[in-house]
Amino acid sequence: MKDQICYDDYQKTASWLLSQTQHRPKVAIICGSGLGMLADALKCQDSFPYSDIPGFPQSTVQGHAGRLVFGELKGKTCVCMQGRFHMYEGHSLCKTTFPVRVFKLLGVETLIVTNAAGSLADSYQVGDIMIIKDHINFPGLAGLNPLNGPNDDKFGPRFPPMSGVYDKDLRKIAFDLCKSMGVSQFVQEGVYCMVGGPNFESIAEARLLHRLGVDAVGMSTAPEVVVATHCGMRVFGLSLITNKVVKSYNDTESVNHEAVLEVSKLRSQTLQMLVTELVSRMDINNNTT
Ligand SMILES: O=P(O)(O)O[C@@H]1C[C@H](O)[C@@H](CO)O1
Ligand SMILES: Nc1nc2[nH]cnc2c(=O)[nH]1
């Protein structure tokens, strides 16, 4: 896939998908590491391996199946990415966010992003679910932004604001749902920070992030949210805390990807229920053809 992607490229992929499925999703869900089971709740599924979708990049990370699944959650039509693209895989940022603009052209209005993340906040525990309140886009601050290059006005403005992008109403609904599901004791709300990866943080880096007010750190999400916001989508995000980031030189523990995937499994059912109920409560105009 070439690095410069133009409107026609997104359009070709969207048109192909629309010709292959009757589903017309209003909600898109991006599954984080080990969280692909979120798609299992979809009814009346049509699914497509990324390798079959014209123009789609390919997943290379363990725990990211590489399938696009269309279907219904409690009667609401959704499309779900079982596997996302990360900058550290060697994709350019416009490739990692390619699906988001395709979703826009499919008619998607709300993007739900999920990820596995390490916690910096002292009060967080492994297995906590963090409702994302805001993000720090570290690569973005350093000039690595998916919106770099000529702006395409068909998608959005040259200088999009990024304040208040994680929808307040959806966050409130999610909190209330967690209470009624009896899981609020392990639900947090906080700031997610994207770093480039693929290495996990050094202790000095972890301390820096902690001092900056980061609650959870990961290697994705922010570019997808920037692109979704640019094209006018509503955004909701969840981080699953899979590990505590090591901040002390006395700590002998260290994190690895297998442990991240193990913890993802632990909370899979809760996350699936939360996302399903959240979507069912969304105010969406569902056109099914
Ligand atoms: O796709 P996400 O952000 O959930 O993946 C996280 C960050 C790395 O890709 C991986 C590290 O275990 O999990
Ligand atoms: N950067 C980063 N990404 C993660 N994804 C899951 N855990 C972590 C972590 O500790 N650091």
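Predicted model: local features only at pLDDT ≥ 70, side-chain atom pairs only at ≥ 80, totals over all residues.
Residues are numbered from 1 along each chain as its sequence is written, and chains are lettered from A and ligands numbered from 1 in the order in which they are written.

**Stop 1: ligand 2**

Select ligand 2 and the 15 residues around it; a residue belongs here if its C-beta atom, placed from the backbone, lies within 6 Å of the molecule. Ala116, Gly118, Val217, Gly218 and Val260 come nearest. Now colour the strands β5 (110–119), β8 (216–218) and β9 (234–244), each of which supplies at least two residues of the shell. Strands are DSSP runs of E with at least two residues, helices are runs of H or I with at least four, and both are numbered from the N terminus. The largest share, three residues, comes from β5. By class the shell has nine nonpolar, five polar and one charged residues. Ala, Val, Leu, Ile, Met, Phe, Trp, Tyr, Cys and Pro count as nonpolar, Asp, Glu, Lys and Arg as charged, and the others, Gly among them, as polar.

**Stop 2: the annotated positions**

Next select Ser33, His64, Arg84, Phe85, His86, Ala116 and Ser220, where an unreviewed UniProt entry places the feature "binding site". These positions are spread over 188 residues of sequence yet cluster in space, with a largest C-alpha distance of 13.6 Å. UniProt annotations may be inferred rather than shown by experiment; the positions follow the numbering used here, and feature names are shortened. For His64, look in the loop between β2 (43–49) and β3 (67–73).

**Stop 3: α5 and α9**

Show helix α5 (residues 168–181) and helix α9 (residues 268–281), which pack at about 125° with axes 10 Å apart. Axes are lines fitted to C-alpha atoms, for helices over the stretch in contact, and angles run from 0 to 180 degrees between N-to-C directions. The two helices are therefore oblique to each other: angles under 35 degrees count as roughly parallel, over 145 as roughly antiparallel, 65 to 115 as roughly perpendicular and the rest as oblique.

**Stop 4: α1 and α3**

Finally, show helix α1 (residues 7–20) and helix α3 (residues 98–106), whose axes come within 9 Å and cross at roughly 55°. That makes α1 oblique to α3.
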